[in-house]
Amino acid sequence: MLIGEIFFRLPLAPRHISYVFDPVLGKRLAPSQSGSMWIGNMASLSPSMTFDSRGFRNREASPGEPTVLCLGSSETMGTGVRDSEVWTSLLSDSLSRVRGNAILALNGGNPGYGPFHCSVILERALAELRSELVIVRVSMGDRNFQQPSPQQVEAYRRNMERNARIKTATLFLPFLIDKARAQWTSIRAAVEFGGGNKVYTRENETREGADRMFTRETPWFDKMDSLCRAAGSPLLFVIIDPMGTEAGTELRDRFTARYSEAGDTHVLLIDNEEFGLGQDDREVRRAAFLKTYTLVVDPHANARQHAVIAGSIAAYVEANGLAAGKASATERPD
Amino acid sequence: MLFNSWRFVLFFAAILGVYWLLDRKKQNVLLVLASYFFYSAWDWRFTGLLLATTVVGFACGRRIHQANGEGGRRFWLILCVVYNLGTLAVFKYFGFFAENLIALLARLGLEVDPVILKIILPVGISFYNFHVLSYAIDLYRREIEPTPRFLDFALFVSFFPLLVAGPIERAMHLLPQIVAPRKLNGLMARQGLWLLFWGLWKKVFVAENLSPYVDQAFANSAALSLPELYLAAVAFAFQIYCDFSGYTDLARGSAKLMGFDLLNNFNLPYFAANPSEFWKRWHISLSSWLRDYLYISLGGNRRGKANTYRNLFLTMVIGGLWHGAAWNFVIWGAYHGLILIVHHAWSAATSIRMPKWLAIALMAQFTLVGWILFRANRTVTEGHRQVDDSLRQMGELFGAFGRGFAPGTGLLEHAPSILLIIAPLLAIQIVKYLWNDQFWIFRLHWAYSACIQAFLAFLLVRFGVQAGDSFIYFQF
């Protein structure tokens, strides 16, 4: 205990990213910080991540700098990869090259954020800045990330206050408790022979599952569409479906049917073709996907997957003339 | 079922809980069932092959013992050898030889349709086949008696702590322990628990933390600068040592808690002062197996220098090939064969001896060159096939001598992290070397021992990486 306590108080000890309480979302990433997070059920620490004054994972935007606002869950934030490897960072580089001038992709991704959370972040962001394009990443896993109830929000607040009090007394003990909890999860998974990956189930691949997910989240998609129309920013829904399932196709069709008739809302499906996974047997494709496109210790996307996503989005943006260099400003004019 | 997984912990705890309640015969039944369950957790499809190998080994062993005359004994030995080497040839080397034959024919202007067989390599085949071969050869040489019970022999072949990655046990060492009653005293229990902890620490803290740096370096072979190549070689040297010796310690520790004493497979190999000593310290069970059953069978050192050197070289090349069906392993084996020959010739020709510390440092450099060859194990996809690209990767790696100190891949930025990971291990290894005691921790005053173990435990809990997908030597 003594060794642990001393280590955790050393200036050179690895820092962890922190969250702040949010009365609507429950919690959000703290602004102006850098640090790592545990990945793979505390199997390993991620590379260090840097967040700007808005709590977005990117460098601080310069005044007047053109931006693209990207929203989504931990796969948008880039769990487990370096700042330079996240698809939003790669997209920045790609679009800047094509345009001939810099454009910054603001990474508003956050672990555990679904369509509700993205709509809130979008609303807040558009109140203080104008983006040339808004990209919202959607996947079937988002159906697990719903609007927190008032009780859940209150629980977040109490937990954060309690953790802050504990950390004034000890830094090592909370780590030990978290580690023990992670081991308990591993033990349960071992006993259950594969356990339950609560995020991914077979329903993630079916047309019916996609239909249920879209229907339940429609209010938030509608809200994002309305916000972008009012702000005059094109909106691009990006559906990630590396396995090329019925669910991906169904989502694309539902989004296209509902949003693309008028206005500047687009839909892009990135599926097994872009990932080069072919048409082999589903289990073969899944094994190839896990081996090639996910982290060693965690099912989150690795750098290779981020590169594929960035490349696909950049190609679509360029082909459709989105974010093509209209006059814009990072800060909205008064 | 990896040793460093909760699944194994639960499995082993369940087995151990019942084990010491049973008599010896029932213990052996339990261990055979547990071993087959353990193996089937890897791939149930090959439990049949394991059983078939066991049946063939047992039957051939009995025939070798019962046969009248040398001709009969030799026949059954050859049958056993052909079966075991045949299964190895099919499952492990078919693709390699077929691919190289097709390439050779193509060079001679003969186009042949490639035979594409997606043969899966059964886990542990190189290890349990060698168990059976050593049993048959020892019987033939009349060094042991055949074991009368099939179940005892089945346990010798399939004993789960050493089934998938060794150590390669000898019948004369393990079989007597299988047929005799086992005991567990306080010292054995402490040693077993220490081996489990130490093996886990090496695997989860050292090997797994070095793995990303090594992977990153060797994925960018063509861009590594010379200092980066050296750093990558150092990192891999400690990764493979901790991965493999960590597994061995976990195997020995779990066996000790069941009353078995397995062969020590590693004895501070990076403190070897010459190539000959290196192979008495690294993968001891394999090098002694090759010495006793291949080198000596080829004639050993009994027929003059030229034959000795030939036998050394062949043994090491085959030892390299044992590690995998790829040219880099053959070249690695040939490399070690060459430095062994040079060492033998030098020792015979001159009485000049360098200081021990210098000899150790020099041998470490030769070992690092070998590890570069060993790790250059790249394959590329051509159509539906995975093709050996190790020769090209070797060229890229050693091209670092031409790239010199040019800007590389950024690996040097991680040098402090790599050295911090290695430092505690190195400190402990130095103590083990000076005290010449693998259980050095028990020689300390309890307070010092507790502090060191607490520190190691802290490193394990705080920095250990849990989810490695396998141990490096599982692929052999």
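This is a predicted model: local features need pLDDT of at least 70, side-chain atom pairs count only at pLDDT 80 or more; totals for chains, interfaces and linings use all residues.

Trainee: What makes A:Asp225 and A:Arg229 a salt bridge?
Mentor: Set the distance against the cut-off. The rule wants a side-chain nitrogen of Lys or Arg within 4 Å of a carboxyl oxygen of Asp or Glu. Here the closest N and O atoms are 2.8 Å apart, and the pair qualifies. As for the general idea, side chains of opposite charge can pair when their charged atoms come close.

Trainee: Where do those two sit relative to each other in the helix?
Mentor: They are four residues apart in helix H7 (residues 207–231) of chain A, so about one helical turn separates them.

Trainee: Which of the labels buried, partly exposed or exposed goes to A:Asp225, and which to A:Arg229?
Mentor: Buried means under 20% relative accessible area, exposed means over 50%, and partly exposed is in between. A:Asp225 has 6%, so it is buried. A:Arg229 has 40%, so that residue is partly exposed.

Trainee: What does the salt bridge between B:Glu396 and B:Arg378 tie together?
Mentor: First the distance: the closest N and O atoms of B:Glu396 and B:Arg378 are 3.0 Å apart. B:Glu396 lies in helix H16 (residues 390–398) of chain B, while B:Arg378 is in the loop between helix H15 (356–375) and strand S1 (379–382), so the bridge ties together parts 18 residues apart in sequence. With 24% relative accessibility, B:Arg378 counts as partly exposed.

Trainee: How do you know that B:Asp437 and B:Arg443 meet in a salt bridge?
Mentor: Their N to O distance is 3.7 Å, and the cut-off is within 4 Å, so the pair passes. Both ends fall in the partly exposed range: B:Asp437 has 22% and B:Arg443 has 48%. For a case with several partners, look at A:Glu154, A:Arg157, A:Arg158 and A:Glu161, which are linked in a network of salt bridges.

Trainee: Why are H3(B) and H5(B) called roughly parallel?
Mentor: The axes of helix H3 (residues 47–66) and helix H5 (residues 125–140) of chain B cross at roughly 5° and come within 9 Å. Angles under 35 degrees count as roughly parallel, and therefore these two get that label.

Trainee: What classes of residue make up the contact of H3(B) with H5(B)?
Mentor: Among the residues that meet are B:Leu50, B:Gly57 and B:Ile64 in H3(B), and B:Tyr128, B:Val132 and B:Leu139 in H5(B). By class, the contact has ten nonpolar, four polar and no charged residues.

Trainee: What is noted about phi of B:His283 and of B:Asn436?
Mentor: Phi of B:His283 is near 45°, a positive value in a residue other than glycine. For B:Asn436 phi is near 50°, again positive and in a residue other than glycine. B:His283 is in the loop between helix H11 (275–278) and helix H12 (284–298) of chain B; B:Asn436 is in the loop between helix H18 (415–435) and helix H19 (446–463) of chain B.

Trainee: Is B:His283 buried or exposed, and is B:Asn436 buried or exposed?
Mentor: B:His283 has 0% relative accessibility, so it counts as buried. B:Asn436 has 65%, so that residue counts as exposed.

Trainee: Which peptide bond is cis, and what is its omega?
Mentor: The one from B:Gly166 to B:Pro167, with omega near 5°. B:Pro167 is found in the loop between helix H7 (160–163) and helix H8 (171–179) of chain B.

Conventions
Residues are numbered from 1 along each chain as its sequence is written. Chains are lettered from A and ligands numbered from 1 in the order in which they are written. Side-chain values use heavy atoms; hydrogens and water are left out. Axes are lines fitted to C-alpha atoms, for helices over the stretch in contact, and angles run from 0 to 180 degrees between N-to-C directions. Angles under 35 degrees count as roughly parallel, over 145 as roughly antiparallel, 65 to 115 as roughly perpendicular and the rest as oblique. Contact means heavy atoms within 4.5 Å. Ala, Val, Leu, Ile, Met, Phe, Trp, Tyr, Cys and Pro count as nonpolar, Asp, Glu, Lys and Arg as charged, and the others, Gly among them, as polar. Buried means under 20% relative accessible area, exposed over 50%, partly exposed in between (1.4 Å probe, protein chains only).
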